[in-house]
Amino acid sequence: MPSLFDDTVNTLRGVGEELAGRTVTLRRGSAEVTITAVPGETSAEESTGDEGYDLAVTVRYRDYKIRASAYDFGDGPVAPEVDDRILDGDDVWQVVAPPGQPHYRRSGVSGGRLRVHTAEA
């Protein structure tokens, strides 16, 4: 049974979602659902090719905080899968597992939020 503290934290998270959240579309194959998600910090990682090449590749990463109950394509909530897509305006982000990390984590007092790791597709 949730405590008063849990209820308060969940209420505050809901307010944060209303203030900082944006409407995005989750896509898995041909299934789509429009939800509210809170984008986290966007970071970039640059790597260079083998010696002798003047090639630099920049990968942008962004985490999205999503209510676990919202990650639902119509048959009940599901866990994020690698290669799911998040369409955020004109940007497309692909669910990925950053080096040494899982592709998502549960967060929040009762695990009711997902922190989904993505890279710009």
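Partly exposed describes a residue whose relative accessible area lies between the buried limit of under 20% and the exposed limit of over 50%. Phe-73, at 23% relative accessibility, therefore counts as partly exposed. The model described here is predicted. The protein has 121 residues, of which 32% count as buried, and its secondary structure comes to 1 helix and 7 strands.

**Fold and confidence**

- Read from the N terminus, the order of elements is α-β-β-β-β-β-β-β.
- The mean pLDDT of the protein is 84, and 77% of the residues reach a score of at least 70.
- Confidence is lowest in helix H1, residues 4–20, where the mean is 55.
- Strand S4, residues 85–88, has the highest confidence, at 98.

**Nonpolar core**

- In soluble globular proteins, nonpolar side chains tend to be buried together.
- The largest nonpolar core in this model consists of 15 residues.
- The residues with the most contacts inside this core are Leu-26, Ile-35, Tyr-64, Ile-66, Tyr-71 and Ile-86.
- At least two core residues come from each of strand S1 (22–28), S2, S3, strand S5 (91–95) and S7.
- S2 provides the largest share of the core, with 3 residues.

**Aromatic pair**

- The arrangement of two aromatic rings is described by the distance of the centres and the angle of the planes.
- The structure holds 1 aromatic pair, formed by Tyr-71 and Phe-73.

**Largest pocket**

- Rolling a probe the size of a water molecule over the atoms shows where empty space is left.
- The volume of the largest pocket is about 190 Å³.
- Its lining is made up of Glu-41, Ser-43, Glu-45, Tyr-61, Arg-62, Asp-63, Pro-98, Pro-99, Gln-101, Arg-115, His-117 and Thr-118.
- By class, the lining residues divide into 5 charged, 4 polar and 3 nonpolar.
- Strand S2 (31–48), strand S3 (56–67) and strand S7 (113–120) each contribute at least two residues to the lining.

**Individual residues**

- Thr-25 is located in strand S1 and counts as buried, because its relative accessibility of 16% is under 20%.
- Thr-25 and Thr-36 are separated by 11 residues in sequence and by 8.5 Å between their C-alpha atoms.
- Ala-119 belongs to strand S7 and is likewise buried, with a relative accessibility of 9%.
- The C-alpha atoms of Ala-119 and Ala-97 are 9.0 Å apart, while the two residues are 22 apart along the chain.
- Most residues other than glycine have a negative phi.
- Asp-83 has a positive phi of about 85°, although it is not a glycine.
- Asp-83 is situated in the loop between S3 and S4, and its relative accessibility of 46% makes it partly exposed.

Conventions:
Residues numbered from 1 in each chain as written. Predicted model: local features only at pLDDT ≥ 70, side-chain atom pairs only at ≥ 80, totals over all residues. Heavy atoms only, no water. 1 Å grid on protein atoms, 1.4 Å probe; cavity = no way out; pocket = protein on both sides within 12 Å on 5 of 7 lines; lining within 4 Å. Points joined across faces, edges and corners; volume = space filled by probe spheres on them. Helix = DSSP H or I, 4+ residues; strand = E, 2+ residues; numbered from the N terminus. Nonpolar A, V, L, I, M, F, W, Y, C, P; charged D, E, K, R; others polar. Phe/Tyr/Trp six-rings, centres within 6.5 Å; stacked < 30°, edge-to-face > 60°. Buried < 20%, exposed > 50% of the residue type's maximum accessible area, 1.4 Å probe, protein only. pLDDT = per-residue confidence, 0-100. Core = buried A, V, L, I, M, F, W, Y, C linked by side-chain atoms within 4.5 Å.
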